Amino acid sequence: MATKKSSATPLVSAAVRVLAVLEHLSRQRAIGLEDISKEIKLAKPTVYRFLLTLQELGYVRRVDGERGRYFTGLRLRTAKRNTIWVNA
């Protein structure tokens, strides 16, 4: 997991890690927990807790029929669309 470090601003590690999960999901159609964990180099229990939280908030959805694969939820896609519209 690559992170940008700034000596002027202390980073909240949980925020950095959950954003890594979201960034990874935004580049995939649907992906399983184990693949996310391996690709961003975070422990599966940590990724799982992040995904549960993001799912509860509407940022991530889980497709039960596809071996528990995850993809971006409506709330994240709406935020992305609103950001693009505001910055256009």
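Me: Is T72 buried or exposed?
Reply: This is a predicted model, and in it T72 is buried, with a relative accessible area of 15%. The cut-off for buried is under 20%, so T72 qualifies.

Me: Where is T72 found?
Reply: T72 sits in strand 3, which covers residues 69-72.

Me: And what is T72 in contact with, leaving aside its neighbours within four places in sequence?
Reply: T72 touches L25, S26, Y59, V60, R61 and R77.

Me: OK, stepping back. How many helices and strands in the protein?
Reply: There are 4 helices and 3 strands. Read from the N terminus, the order is α-β-α-α-β-β-α.

Me: L25 came up. Which residues of helix 3 does its helix meet?
Reply: L25 belongs to helix 1, where A14, R17, V18, V21, L22 and L25 meet T46, F50, L51 and L54 of helix 3. By class, that contact has 8 nonpolar, 1 polar and 1 charged residues.

Me: At what angle do the axes of helix 1 and helix 3 cross?
Reply: Roughly 75°, with the axes of helix 1 (residues 13-26) and helix 3 (residues 44-57) coming within 10 Å. Helix 1 is therefore roughly perpendicular to helix 3.

Me: Different topic. What share of the residues is buried?
Reply: Buried residues are 28% of the 88 in the protein.

Me: Last one: what share of the contacts with a separation of 6 or more comes from residues 24 or more positions apart?
Reply: Such residues account for 38% of those contacts.

How values were computed: Residues numbered from 1 in each chain as written. Predicted model: local features only at pLDDT ≥ 70, side-chain atom pairs only at ≥ 80, totals over all residues. Heavy atoms only, no water. Helix = DSSP H or I, 4+ residues; strand = E, 2+ residues; numbered from the N terminus. Buried < 20%, exposed > 50% of the residue type's maximum accessible area, 1.4 Å probe, protein only. Contact = heavy atoms within 4.5 Å. Axes fitted to C-alpha atoms, helices over the stretch in contact; angles between N-to-C directions. Parallel < 35°, antiparallel > 145°, perpendicular 65-115°, else oblique. Nonpolar A, V, L, I, M, F, W, Y, C, P; charged D, E, K, R; others polar.
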